[in-house]
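I opened my notebook to look this structure up step by step. Here are the entries.

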Amino acid sequence: TVMCKDGSTGALIGSDTLNIQLASKPGAPSGIQNSSLCTINSLTIQWTPATSGGTASSYNISVTSGTTVTVAGDTTMTTIGDLIDGTNYTVSVTANNCAGSS
């Protein structure tokens, strides 16, 4: 219960109940795959949000080239550019929220 008091007199001027829900960190996304929307210097990847843990507020997509892209939590596809044709890259997707990362 939250109680509000008058700053000068200290008299109680109201109260209300405050419900707090603790967030849990999101589970790891799955099904990370390259889509068919690749070009000579970019790739588009997609993933499936985790079905366990808390809801993701954002995703970090990291590439071995050093590129990291952050997208909103309701996004499940993004394009990574500035890649070099013929180079192998490893991509990882991490879900984030206020409780932590997958």
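**Entry 1: burial.** What share of the residues of the protein chain count as buried? I looked it up: 23% of the 102 residues do. I keep in mind that this is a predicted model.

**Entry 2: overall form.** I checked the radius of gyration next. The protein chain has 22 Å, while a compact globule of 102 residues would have a value near 13 Å. I then took the box along the principal axes. The C-alpha atoms fill roughly 75 × 30 × 20 Å. For the accessible surface I noted about 6700 Å². Carbon and sulfur atoms hold 49% of that surface.

**Entry 3: elements.** How many helices and strands does the protein chain have? I counted zero helices and nine strands. Read from the N terminus, the order is β-β-β-β-β-β-β-β-β. I also looked at contacts between residues at least 6 apart in sequence. Of these, 55% join residues at least 24 apart.

**Entry 4: a sheet.** I followed four strands into an open sheet. Their order is β6-β5-β8-β9, and the pairing is antiparallel. Which strands stand at the edges? I found β6 (68–72) and β9 (100–101) there. Each has a single partner strand, so one side of each is left without a neighbour in the sheet. As a reminder to myself, strands of a sheet pair through backbone hydrogen bonds.

**Entry 5: β5 with β8.** I traced β5, residues 58–63, against β8, residues 91–97. Six bridges join the two in the antiparallel sense. I picked out two positions. Tyr-59 has Ala-95 in β8 as its bridge partner. Ile-61 stands opposite Val-93 in β8.

**Entry 6: β8 with β9.** How many bridges join β8 to β9? I found two, and the strands run antiparallel. Asn-96 stands opposite Ser-101 in β9. The two strands form a hairpin, with two residues between them.

**Entry 7: Ser-58.** I ended on one residue of strand β5, Ser-58. Is Ser-58 buried or exposed? Its relative accessibility is 16%. The cut-off for buried is under 20%, so Ser-58 counts as buried. What does Ser-58 touch, leaving out residues up to four places away in sequence? I listed Thr-70, Val-71, Ala-72 and Gly-73, and also Thr-94, Ala-95 and Asn-96. Two of these names were already in my notes. Ala-95 is the bridge partner of Tyr-59, and Asn-96 stands opposite Ser-101.

Key
Residues are numbered from 1 along each chain as its sequence is written. This is a predicted model: local features need pLDDT of at least 70, side-chain atom pairs count only at pLDDT 80 or more; totals for chains, interfaces and linings use all residues. Side-chain values use heavy atoms; hydrogens and water are left out. Two strands pair if DSSP finds at least two bridges between them. Buried means under 20% relative accessible area, exposed over 50%, partly exposed in between (1.4 Å probe, protein chains only). Contact means heavy atoms within 4.5 Å. The radius of gyration is taken over C-alpha atoms; the globule rule is 2.2 Å times the number of residues to the power 0.38. Accessible areas come from the Shrake-Rupley method with a 1.4 Å probe; for residues, only the protein chains shown count as cover.
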